[in-house]
Amino acid sequence: MAYVRETAIVGGKEIIVETGKWAKQAGGAVVIRCGDSMVLVTAAGSQQPRDIDFMPLTCEYQEKFYSSGKIPGSFFRREGRSTNAEILVARLMDRPVRPLFPKGWFIDTQIIANVISFDKENATDVLAMTGASAALHISDLVWEGPLAGVRVGRIDGQFIANPTFAEREKSEMDIVVAASRDAIMMVEGEMHELQEDVVIDALLFAHQAVQPLIDLQERLRASNGKEKRPFTKPVTDEALAAKVKEFAYERLAKAMQIKNKHERRDATSELHLEMRTALTAEGQPWAGKAKDVDAAFSKLQKKWARGHTITTRTRIDGRKPDEVRAIMIETGVLPRAHGSALFQRGETQALVAVTLGTKYDEKKLDTLMGDTKRTFYMDYNFPPFSTGEVKPLRGQSRREVGHGFLAERSVESIVPVYEDFPYTIRVVSDILESNGSSSMASVCGGSLALMDAGVPTKAPVAGIAMGLMKEGDDYVILSDILGDEDHLGDMDFKVTGTRRGVCALQMDIKVDGLTRKILEEALDQAKRGRIHILDKMDAAISAPRDEVSIYAPRIVTVQIKPDKVRDIIGPGGKTIRAIQEQTGAQIDINDNGTVSIASSDSKSIEQAQALISGLTMEPEVGQFYNGIVKKIVEIGAFVEIMPGTDGLLHISEVAKERIRAVEDVLSEGDEVVVKCIKVDRDGKIRLSRREALDANPGPEEVNNFVI
């Protein structure tokens, strides 16, 4: 295999793809590079197909820490199982690639992307997406590509292709698009409440931006592509199809129009089993061909559902195309959670809970960009009972990670910045029932639960899943799709947003020909559905609670002079630990002088606040202090009246009467009430115990900063 190097310009940056040098025993291998970010992507397939009825594709994305000159922070000091961030990129690779394999492709296929160099400027996720396509395109695997990935940002009204990390900080949009020569295949991203027409312009901009990468891959295959392996697409058995239609069509039509999900599936399953038994019985032409019969039944079911919906403009459950299922909302359903909501739309139900924590509850991530911390995060759980199934619980699936991330970025868009609301916020969505759009139910439930928790959100946010059924030039767009409509349809388009605009979207396409007109209609219909849902949410809770839950920690923020930070921390952290042990409050200090005091007990906060005030305030003449005798000298004693702040108690000021030596009255370590009688220009403090004894101040008059 000869070494080949091809280049293309995207967003003003050169993207280089080379093959024939790296991993030559893989079915296809490329290294794709932008700047000093490099990703090695390989594609390989088994020699023999498996006896299965699904496409066995796996995509993996791995970030090698050596790529950025970093040693992993784990106990074992090596890369471990895939992180959520890596899983999300693997899904970005998988979703657009999978539909382009031919039907009947039962070859075990694996695509692996390894980040081998990272410059902390150019993102590697879109490189991995394009690299996956390039590796498949030049391999011997049968695949109907190529496609390419691009990230789109928008700064000052101008779209940018593949913005750097610095540019992404300034951007009001961050979407990733996968597109082929003729069509958009996948979209994933977030934005700052942008209007629908801006979103469409961004998608069309992305489609144009990837064209040089499509050309690059065609050149790469022309010069160094392998011959595709022999593959015969499955041939439809017309006789079987006709027999299945004759046997099942009328009863299937009745079963498919049952509104209840489980009743509908039970009826279709019963019909399916009866038909399979009859057609595969001994002596029948299809004896021993149960899989062929199953496939023919599934095809008939899909054809009926699509034809019925497009022809009648009536859906499986009887709804109109733009009709949203009935919505039920309750807030405050969990008495001890800091905020909670139960959101139900049709047969999809999400229980969402909010927990408010302190700085110590931040999520810490070890990434190629360095150690990062998150003060907002959301978890999504999809237990098997939500669909009436029985499966072992083995931790989060990749689907749960992807759905949770979409919900997280949607809900995070309305959360106040940490400086305005200094809490760590965790949101958990447990799906209790599912029949489509569970991630969108999580967005709605998350927004409601945050308001129930008293989080001052910017605005309510809601989400809706849109579908499409298209036959030729005729099509119908569906709002709030069912699980069956997702499976049988041509598009899964999830849109979240506030009343002001779109916050996030996720789109997977199964057909070509998604025109601007269809996109405009889908987004307009989604907006109407979103506003309808927001109206229902407003009826349940229209604004955040006035206060956070009584079970949530209270956080008070105090601003001190930055040069006083060391006084609160103390030598080796001794002082701050002592304050926390004495008061029971948690204290976090920023180098800029921001001090956060957290506790569920208001008295603990007040006590810690008083101690910190004492550490940072300047001594005042005339004030009484409860101090500690630190050192006795011939002329008097040095008394610490604030941590790190000593004053001289002259021997003449120790007692009312004249004394021979300080030791006759005081010992080191004694607590003593003194009065500040003078602060010299050089900062030296003069104290008097004698005047304090004469005044006999009450406890409320004495500043007590002893720790």
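Me: Is Lys120 buried, partly exposed or exposed?

Reply: Burial is read from relative accessible area: buried is under 20%, exposed is over 50%, and partly exposed lies in between, using a 1.4 Å probe and protein chains only. Lys120 has a value of 41%, so Lys120 is partly exposed. Keep in mind that this is a predicted model, where local features need pLDDT of at least 70, side-chain atom pairs count only at pLDDT 80 or more, and totals for chains, interfaces and linings use all residues. Residues are numbered from 1 along each chain as its sequence is written, and side-chain values use heavy atoms, with hydrogens and water left out.

Me: Where does Lys120 lie, and what is its phi?

Reply: Most residues other than glycine have a negative phi, and most peptide bonds are trans. Lys120 is not a glycine, yet its phi is positive, about 60 degrees. Lys120 lies in the loop between β6 (109-117) and α2. Helices here are DSSP runs of H or I with at least four residues, strands are runs of E with at least two, and both are numbered from the N terminus.

Me: Which loop holds Asn162, and is Asn162 buried or exposed?

Reply: Asn162 is in the loop between β8 (158-161) and α3 (165-170). Its relative accessible area is 10%, so Asn162 is buried. Asn162 also has a positive phi, near 50 degrees.

Me: And which residues does the cis peptide bond join?

Reply: Look at Gly145 and Pro146, where omega is about 5 degrees. Pro146 lies in the loop between α2 and β7 (147-155).

Me: How should I read a pair of packed helices?

Reply: Two packed helices are described by the angle between their axes and the distance between the axes. The axes are lines fitted to C-alpha atoms, for helices over the stretch in contact, and angles run from 0 to 180 degrees between N-to-C directions. Take helix α14 (residues 574-583) and helix α15 (residues 602-616): their angle is about 150 degrees and their axes are 9 Å apart. That makes α14 roughly antiparallel to α15, since angles over 145 degrees count as roughly antiparallel, under 35 as roughly parallel, 65 to 115 as roughly perpendicular and the rest as oblique.

Me: Which residues of α14 and α15 meet?

Reply: Contact means heavy atoms within 4.5 Å. Thr575, Ile579, Gln582 and Thr583 of α14 meet Ser604, Gln607, Ala608, Leu611, Ile612 and Leu615 of α15.

Me: At what angle do α1 and α2 pack?

Reply: Helix α1 (residues 84-97) packs against α2 at about 40 degrees, with the axes 9 Å apart. That makes α1 oblique to α2. On the α1 side, the contact is made by Val89, Leu92, Met93 and Val97; α2 brings Asp125, Ala128, Met129, Ala132 and Leu136.

Me: How many residues are in the largest nonpolar core?

Reply: A nonpolar core is a set of buried Ala, Val, Leu, Ile, Met, Phe, Trp, Tyr and Cys residues joined through side-chain atoms within 4.5 Å. The largest one has 158 residues, and Met93 and Phe493 are among those with the most contacts inside it. Helix α2 (residues 125-138) supplies the largest share of this core, nine residues. A second, separate core has 18 residues, including Ile632 and Leu687.

Me: What does Phe493 contact?

Reply: Leaving aside neighbours within four places in sequence, Phe493 is in contact with residues including Ile464, Met466, Leu505, Met507 and Leu523.
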